[in-house]
Amino acid sequence: MKRLLAGIPALIYLTGVFILFNSCHKKNEIQPPPVISPTVSPIPFSLLVYLVTPTDKTINYDYYNAAKTAVQKLQSWFKTQMGNNKTFVLNPVVVDTLTGLHESNWYNTNHGPAISGDTYAYYNIKYEMKELLGSKFDTSLYTYFVYVSTSIPDETIPKGLAIGGADILSTIATSNTAMGVEAHALGHAFGLPEPAVPTSNGIMSGGVAKWPNCIFTSEEKDSLNASPFFKVQ
Ligand SMILES: [Zn+2]
């Protein structure tokens, strides 16, 4: 009996070594790429999320997975904020992928007012989405969140489109501030402006870095509540 008991710590140790070895082994396996079904007939008044890969890059599945997790987290955070079981309707595909029409540098370059407006990364991406989707790009029926796998500045303005770049995609899985930046961008995409009187904990003003412990004001919630993109679900 004593010998048997004495053997137990060794057994626990060996089991631990095996689990450790096995989990390390699994990490080194190449994960198969996710199955992504293209969006054909999107649900009217839904959020469509795209990951655009510039022509000089290959698709980054870590970015894809990060964007997918982030937008689902945002959908439940908006629901908690609204307090009436409403949140935005999300495309069942969650994140769709597109190959861009330009190299990385194009997205981060000012191409003059006809393409780049006064907020160049934002309008460059809007310009490209119109080229990619044609008449299907419709901000009256859909709200867009477009991630591009290259470094771009955080530029978000109301409304119809939120953008994000590689800096956000590479940090969003671990950074609440990055999530706050995305929640703020999405607030703009659903039509919310910066408030006239900033608050320290408002997601549309000083509360970005406090995500998830920041809020929409009651006026902002009224605005989202009246939006056709928000439904009980
Ligand atoms: Zn803003």
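How many bridges join strand 4 to strand 5, and do the two run parallel or antiparallel? There are 4 bridges, and the strands run parallel. The model is predicted. Its protein chain has 8 helices and 6 strands.

**Overall layout**
- From the N terminus on, the elements follow the order α-β-α-β-β-α-α-α-β-β-α-α-α-β.
- Of the 233 residues in the protein chain, 35% are buried.
- Among contacts in the protein chain with a separation of 6 or more, 63% link residues 24 or more positions apart.

- Strand 4 is mostly covered, with 7 of its 7 residues buried.
- Tyr 142, Tyr 144, Val 146 and Val 148 point one way from the strand. Thr 143, Phe 145 and Tyr 147 point the other way.
- Strand 1 also runs parallel to strand 4, joined to it by 7 bridges.
- Val 52 stands opposite Val 148 of strand 4.
- Val 146 stands opposite Ile 163 in strand 5.

**The largest nonpolar core**
- This core holds 57 residues. Ala 67, Phe 145, Val 146 and Tyr 147 touch the most other members.
- Elements that each supply at least two core residues include strand 1 (46–53), strand 3 (90–99), strand 4 (142–148) and strand 5 (161–164). Helix 2 (61–82), helix 5 (120–133) and helix 7 (176–189) are also among them.
- Helix 2 gives the most to this core, with 9 residues.
- Leaving out residues up to four places away in sequence, Phe 145 touches Leu 47, Val 49, Val 71, Ala 162, Leu 186 and Ala 189.
- In soluble globular proteins, nonpolar side chains tend to be buried together.

Definitions and conventions:
Residues are numbered from 1 along each chain as its sequence is written. This is a predicted model: local features need pLDDT of at least 70, side-chain atom pairs count only at pLDDT 80 or more; totals for chains, interfaces and linings use all residues. A nonpolar core is a set of buried Ala, Val, Leu, Ile, Met, Phe, Trp, Tyr and Cys residues joined through C-beta atoms within 7 Å. A residue is buried if 20 or more other C-beta atoms lie within 10 Å of its own, exposed if 12 or fewer, and partly exposed in between; C-beta atoms are placed from the backbone. Two residues are in contact if their C-beta atoms, placed from the backbone, lie within 7 Å. Two strands pair if DSSP finds at least two bridges between them.
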